[in-house]
Amino acid sequence: MNERYPDGSLSHVYDSASNREETRLGLSVPIPTADEVFLDAEETMRFVQALEAPPNPTTPAQAAAVQLYRETVKEL
């Protein structure tokens, strides 16, 4: 039976389960999953530059889409 952490969670069960495949294969690095992205140094630099760059001006198509959204989507 799995023991709970003092806070009542079973986090350690999930932590060990996520490492099971890496352990079986004898890997020291995690296996990427669909929700993980690994970037090399060049990709990381390009990503940071893209985040820091000023936004591109809004195109007429984008402005029309926002206007249509505001006209048609109602809050609950």
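Me: What makes up 3% of the 76 residues in the protein chain?
Reply: Buried residues make up that share of the chain in this predicted model. A residue is called buried because its relative accessible area is under 20%.

Me: How many helices and strands does the protein chain have?
Reply: The protein chain has four helices and zero strands. Read along the sequence, the pattern is α-α-α-α.

Me: Which helix has the lowest mean pLDDT, and which the highest?
Reply: Helix 1, residues 11-18, has the lowest mean pLDDT among the elements, at 51. Helix 4, residues 60-72, has the highest, at 96. For the protein chain the mean pLDDT is 76, and 58% of the residues reach 70 or more.

Me: Why is Val37 called exposed?
Reply: The relative accessible area of Val37 is 68%. Exposed means over 50%, so Val37 is exposed. Val37 lies in the loop between helix 2 (20-25) and helix 3 (41-52).

Me: Which residues make the nonpolar surface patch of about 490 Å²?
Reply: Val37 belongs to this patch, together with Leu39, Phe47, Val48 and Leu51. The accessible surface of the protein chain comes to about 7400 Å², and 58% of that surface belongs to carbon and sulfur atoms.

Me: Why is the contact between Glu42 and Arg46 called a salt bridge?
Reply: The closest N and O atoms of Glu42 and Arg46 are 3.7 Å apart. The cut-off is 4 Å between a side-chain nitrogen of Lys or Arg and a carboxyl oxygen of Asp or Glu, so the pair qualifies. Side chains of opposite charge can pair when their charged atoms come close. The structure holds one salt bridge.

Me: Where do Glu42 and Arg46 lie, and are they buried or exposed?
Reply: Both residues lie in helix 3, four residues apart, which is about one turn of the helix. Both Glu42 and Arg46 are exposed.

Me: How do you know that the span of helix 3 agrees with its number of residues?
Reply: At 1.5 Å a residue, the 12 residues of helix 3 should span 16 Å. The end C-alpha atoms of helix 3 are 17 Å apart, so the two values agree.

Me: What caps the N-terminal end of helix 3?
Reply: Asp40 caps this end, with a side-chain oxygen 3.2 Å from the backbone nitrogen of Glu42. A polar contact requires N or O atoms within 3.5 Å, so this distance falls within the cut-off.

Key:
Residues numbered from 1 in each chain as written. Predicted model: local features only at pLDDT ≥ 70, side-chain atom pairs only at ≥ 80, totals over all residues. Heavy atoms only, no water. Helix = DSSP H or I, 4+ residues; strand = E, 2+ residues; numbered from the N terminus. Buried < 20%, exposed > 50% of the residue type's maximum accessible area, 1.4 Å probe, protein only. Areas by Shrake-Rupley, 256 points an atom, 1.4 Å probe, with all protein chains shown as cover. Patch = residues over 30% accessible without salt bridge, like charges linked within 9 Å, V, L, I, M, F, W, Y side chains within 5 Å. pLDDT = per-residue confidence, 0-100. Expected span 1.5 Å × (residues − 1). Polar contact = N/O pair within 3.5 Å; in protein donor to acceptor, adjacent residues only side chain to side chain.
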